Amino acid sequence: MKDSNDPVEPGKAADKAAGKAVGGAKGPDELRQQIQETRGQLGDTVEELAAKADVKARARARGAELKDKASEAGHAVQDKATEAGHVVQGKAVEAGHVVQDKAVQAGHVVQDKAVQAGHVVQSRATQAGHAVQDNVPQPVRTAVTNAVQAGKRHPRPVLIAGAGVVVAAGLLRRRHNGHH
């Protein structure tokens, strides 16, 4: 059978059959055979014309074909997007590890510097403590020692007094810096 998209040449099969008939049949059997062939050819021609005339069926077939192509293209795009997503995810994880490693290294550096600064402060505080201890008269040292021991036994009044000192120091500092 011919392709349904090929142009139909109306009457071609009939012309062919007529040509045989014109050539003449040698008998009634041959004539019947030619008539059968002509009918078959005419039937094929009619089927081809009917297929060409059935616009709805052709549109449905073309629509199904386009739908399949679109579906294939959609799957291809989806596969590529998934692949790209995996690549991006892998790179993000890799970058996250690099950042994490650098943060850990920076944390160690900061920790080391903080420890060094802590030792310096502790050393200076110890020196200052010794200097104060050496320069403070014995009665003042005794009074401070007694106050500290009393604070350990009764911490609430010491905390209240300390809070008052902090507030007073803040007010004095604010007043000293020119803020009213």
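**Figure 1. Glu-65 and Lys-69 in helix H3.** Glu-65 and Lys-69 both belong to helix H3 and sit four residues apart, about one turn of the helix. Helices (H or I, at least four residues) are DSSP runs, as are strands (E, at least two), numbered from the N terminus. A salt bridge, defined as a side-chain nitrogen of Lys or Arg within 4 Å of a carboxyl oxygen of Asp or Glu, joins Glu-65 to Lys-69, with the closest N and O atoms 3.7 Å apart. Glu-65 also meets Arg-62 in a salt bridge (2.7 Å, N to O); these two residues of H3 are three residues apart. An α-helix has 3.6 residues a turn, so residues three or four places apart point the same way. Glu-65 is partly exposed at 35% relative accessibility, as is Lys-69 at 48%. Buried means under 20% relative accessible area, exposed over 50%, and partly exposed in between (1.4 Å probe, protein chains only).

The model is predicted: local features need pLDDT of at least 70, side-chain atom pairs count only at pLDDT 80 or more, and totals for chains, interfaces and linings use all residues. Residues are numbered from 1 along each chain as its sequence is written, and side-chain values use heavy atoms, with hydrogens and water left out.

Figure 2. The salt bridge between Arg-32 and Asp-29 has its closest N and O atoms 3.1 Å apart. Arg-32 counts as exposed because its relative accessibility is 53%; Asp-29 is exposed at 59%. Buried residues of H2 include Gln-34 and Thr-38.

Figure 3. Val-140, Val-144 and Val-148 make a nonpolar surface patch of about 230 Å². Patches are made of residues with over 30% relative accessible area and no salt bridge; like charges are joined within 9 Å, nonpolar side chains (Val, Leu, Ile, Met, Phe, Trp, Tyr) within 5 Å. Accessible areas come from the Shrake-Rupley method with a 1.4 Å probe; for residues, only the protein chains shown count as cover. Val-148 lies in helix H4 (residues 138-153) and is partly exposed at 44% relative accessibility.

Figure 4. The 22 residues of helix H5 (residues 155-176) reach 31 Å from first C-alpha to last, close to the 32 Å expected at 1.5 Å a residue; the expected span is 1.5 Å times one less than the number of residues. The count of buried residues in H5 is zero. Gly-178 follows H5 and has a positive phi, near 95°.
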